[in-house]
Amino acid sequence: MPEEWSAGRTARATSFSLHDFIAPALHHSITPLFVAMSSDAQIVVKDLRLAYGRKEVIHGISFDIQRNEIFGVIGPSQSGKTSLLRCLNRTIDFTPEARVSGAIQVDGEDVRRVKDVFALRRKIGMVAPLPVGLPTSIYDNVAFAPRCAGMSRKDQLDEIVEQCLRQAALWDEVKDRLDSLGTKLSGGQQQRLTIARALSHQPQILCLDEFSIAIDPVTTMRIEAVLKELRKDMTIILVTNLTQQARRLADRTMFLWNGEIVELGPSEVIFSEHPANRKTYEYVNGIFG
Ligand SMILES: Nc1ncnc2c1ncn2[C@@H]1O[C@H](COP(=O)(O)OP(=O)(O)OP(=O)(O)O)[C@@H](O)[C@H]1O
Ligand SMILES: [Mg+2]
């Protein structure tokens, strides 16, 4: 019986408290799962399985992600891409029926044993497919996280807000109206505001889950340029249904299908005429999926 994460344990309880989310299951004795790290791997995933109730949706996958690489994840709908991201930063804990086994190490630390799950989620930023903003001003949307972290000096907050908005390619469009409501921006602008918010946590790893689903091609290309810059400072995991986006941006791409890795390799191989697996060629070229 594979060992399960706290999400499964929580699910079996008849009720759970806030504490379960804040410091889940750290008191249980857990047999450490040792995973050898390859030289510059920042994330190592070993035999990861995920089930929602009785339905297993990720079937024992293993791979690693190198520091400062853009790691593309492609695959048809329901192949487990979003679920995989949620395992990385343990937002999967919010789904009581989720059962996870295997190991994920980030910077050598097993994520299920981290003492501060909030710190883990700050370290691994997440940008959702549709913009998720606070119903506050543009400025406050970005200043929220630094303020929560204790930053109160106006000049420092101004600096970080400007920096994050610049990194998200939004500064020039909003610098004269930072006090307006974030929700009044266009869809594409709100998505960039979501990216700025994710950056305000100063993540070391940035996960983007189909960030361009609701934005126009020009804005998409601007954000893609931003991502190429950001990878100097962080590792980027790019989940995308646009296979050409992974081709343009990702150093390596993983093709996930029905919760299994069909192929993982350099993007120039995955998107070539001769990837290792015929299915990869067919998916990338729109023959199925
Ligand atoms: N909270 C949940 N409860 C039960 N089943 C879920 C839950 N979330 C996802 N699933 C199931 O897990 C499988 C993988 O879903 P997931 O959202 O991870 O796929 P995806 O590759 O991100 O798909 P898409 O490209 O449509 O976003 C699907 O069969 C989905 O129905
Ligand atoms: Mg998804």
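Colleague: Hi! What should I know about the model before I look?

Modeller: It is a predicted model, where local features need pLDDT of at least 70, side-chain atom pairs count only at pLDDT 80 or more, and totals for chains, interfaces and linings use all residues. Residues are numbered from 1 along each chain as its sequence is written, while chains are lettered from A and ligands numbered from 1 in the order in which they are written.

Colleague: Thanks. Which residues are around ligand 1?

Modeller: Around ligand 1 you find Tyr52, Val57, Gly75, Ser77, Gln78, Ser79, Gly80, Lys81, Thr82, Ser83, Thr95 and Asn241. A residue is taken as near a molecule if its C-beta atom, placed from the backbone, lies within 6 Å of it.

Colleague: And how does that shell divide into nonpolar, polar and charged?

Modeller: There are two nonpolar, nine polar and one charged. In this scheme Ala, Val, Leu, Ile, Met, Phe, Trp, Tyr, Cys and Pro count as nonpolar, Asp, Glu, Lys and Arg as charged, and the others, Gly among them, as polar.

Colleague: Which helix gives the most to the shell around ligand 1?

Modeller: That is helix H3 (residues 81-88), with three residues. Helices (H or I, at least four residues) and strands (E, at least two) are DSSP runs, numbered from the N terminus.

Colleague: Let's switch to sheets. What is the strand order in the open sheet of four strands?

Modeller: The order is S2-S1-S4-S5, and the pairing is antiparallel. Strand S2 (55-66) and strand S5 (109-110) are at the edges with a single partner strand each, so one side of each is left without a neighbour in the sheet. Two strands count as paired if DSSP finds at least two bridges between them.

Colleague: How many bridges join S1 to S2?

Modeller: Nine bridges join strand S1 (residues 41-52) to S2, and the two run antiparallel. One example is Leu48, whose bridge partner in S2 is Ile61. S1 and S2 form a hairpin with two residues between them, and Gly53 in the turn has a positive phi of about 60°.

Colleague: What about S4 and S5?

Modeller: Strand S4 (residues 98-106) is joined to S5 by two bridges, again antiparallel. Gln105 has Asp110 in S5 as its bridge partner.

Colleague: And the sheet of six strands, what order does it have?

Modeller: That open sheet goes S6-S7-S8-S3-S9-S10, with mixed pairing. Its edge strands are strand S6 (124-127) and strand S10 (260-266), and each pairs on one side only. Neighbouring strands are turned by 15° against each other on average, direction ignored.

Colleague: How many bridges do S9 and S10 have?

Modeller: Strand S9 (residues 252-257) pairs with S10 in the antiparallel sense over six bridges. Trp257 has Glu260 in S10 as its bridge partner.

Colleague: On to helices. How do H5 and H8 pack?

Modeller: Helix H5 (residues 138-148) and helix H8 (residues 187-200) pack at an angle of about 25°, with axes 8 Å apart. Axes are lines fitted to C-alpha atoms, for helices over the stretch in contact, and angles run from 0 to 180 degrees between N-to-C directions. H5 and H8 are therefore roughly parallel to each other. Angles under 35 degrees count as roughly parallel, over 145 as roughly antiparallel, 65 to 115 as roughly perpendicular and the rest as oblique.

Colleague: Which residues meet there?

Modeller: Ile138, Asn141, Val142, Ala145 and Pro146 in H5 meet Leu193, Ala196, Arg197 and Ser200 in H8. Contact here needs C-beta atoms, placed from the backbone, within 7 Å. By class, this contact of H5 with H8 has six nonpolar, two polar and one charged residues.

Colleague: Where does H6 come in?

Modeller: The axes of H5 and helix H6 (residues 154-167) come within 9 Å and cross at roughly 115°. That makes H5 roughly perpendicular to H6. Tyr139, Val142, Ala143 and Pro146 of H5 make the contact with Leu157, Ile160, Val161, Cys164 and Leu165 of H6. The classes there are nine nonpolar, no polar and no charged residues.

Colleague: And H6 against H8?

Modeller: H6 and H8 pack at about 130°, with their axes 8 Å apart, and are therefore oblique to each other.

Terms used
Two residues are in contact if their C-beta atoms, placed from the backbone, lie within 7 Å.
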